[in-house]
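Dear colleague,

Please find the structure below, followed by a short account of what was found in it. I would be grateful if you read the two side by side.

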Amino acid sequence: MATRLGLGLPQNHQYDLGRDVPDVARTAERIGYDSVWVYERALFPEPATQGLYGIEGMPWPDSYRHVADPLVTLALAAAATERVRLGSSVLVAPLHLPFQLAKTLASLDAASGGRVIAGFGTGWSLDEYAATGIRPIKERGQVLDEVIDVCRAVWGPDPVRYHGRITEIDSAVIGPKPARPIPILLAASSRKARERLVEHADGWLPVGMGVEQIAAQWDALRDLAAERGRQQPIQTVLRANTRYTAKGHQGEGRQPFHGSADQIVEDLLAHAAIGMEEILIDLQTSVRDAEELKDVAAEVYEKARAAGL
């Protein structure tokens with residue numbers, strides 16, 4: 001079976017949200033992409049109080065200065081398309097009230113005819129948690145657990161009952177319901193995160209940092225699933241943070257998914273070969289505008305399919 005391909009939607013400063021998101025989503029669907037995707041970045045601290053991903057001294061990319069709300073972006077894409085799935089890689093779930101997030105995702109899935117993929121992560125930014133987190137960052141794993149549980153409850157049959165640390169639902173009818181069970185995928189690299197995924201989620205959202213690293217993480221996740229007796233297959237959607245340049249990058253130091261369309265496709269093929277079922281190609285930070293984004297997305301898609309992906 002061919003690897004499914006997704007495209008990141010335009011959320012950064014060089015794009016017009018109301019015009020470009022529907023346009024790019026429609027174009028992605030017409031080209032043949034299977035899905036369109038968003039990510040979440042709530043704010044850009046200035047001066048930064050911590051490095052990127054919590055790594056001391058690592059600067060935040062300028063693209064994080066302007067990131068449109070992911071759920072608004074998905075709603076715009078849903079209204080403009082009929083077929084492509086609508087995914088998040090990722091929503092920082094503990095920045096959201098569990099009930100409201102569950103209700104919003106259910107409404108989006110109902111409106112789109114069953115196309116939502118709920119990709120969750122815990123995040124790492126102290127400033128984002130200070131601004132919007134409903135619990136301290138040290139409790140982010142517990143909050144993610146409750147988000148997952150509340151989503152399952154709210155999306156399930158009525159009457160809904162749930163009693164948690166944040167959410168209290170005594171007995172209620174809650175609609176609309178999703179058009180079908182919404183898959184929950186998690187970004188998980190640590191042992192504890194992998195345990196949460198195996199026990200409670202439908203799939204995995206790795207970030208492409210190199211074939212060897214992803215293959216090792218994938219092996220560890222499958223080993224844990226076998227150890228825990230999981231029967232349900234684990235869905236996989238790899239995020240490829242792509243930096244496109246028409247001239248390509250030369251030398252052994254080239255980063256994965258950085259370079260020309262041919263080089264990007266070479267990396268796509270390598271990651272598909274280790275078992276990634278779907279790959280999200282996010283091109284938005286390395287192109288000038290929506291027109292170039294659409295052109296490069298078409299070139300990469302056509303070359304990937306021609307190469308047998």
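Helices (H or I, at least four residues) and strands (E, at least two) are DSSP runs, numbered from the N terminus. This is a predicted model, in which local features need pLDDT of at least 70 and side-chain atom pairs count only at pLDDT 80 or more, while totals for chains, interfaces and linings use all residues. Residues are numbered from 1 along each chain as its sequence is written, and side-chain values use heavy atoms, with hydrogens and water left out.

The protein chain contains nine helices and 13 strands. Its C-alpha atoms fill a box of roughly 60 × 45 × 40 Å along the principal axes. Among contacts (heavy atoms within 4.5 Å) with a separation of 6 or more, 71% join residues 24 or more positions apart.

Thr-27 lies in helix α1, which covers residues 17-31. Thr-27 counts as buried because its relative accessibility is 6%. A polar atom of the Thr-27 side chain lies 2.8 Å from the backbone oxygen of Asp-23. Ala-80 is 53 residues from Thr-27 in sequence, and their C-alpha atoms are 9.8 Å apart in space.

Yours sincerely,
A colleague

Note on methods: Buried means under 20% relative accessible area, exposed over 50%, partly exposed in between (1.4 Å probe, protein chains only). A polar contact is a pair of N or O atoms within 3.5 Å; within protein, one must be able to donate a hydrogen and the other to accept it, and residues adjacent in sequence count only if both atoms are side-chain atoms.
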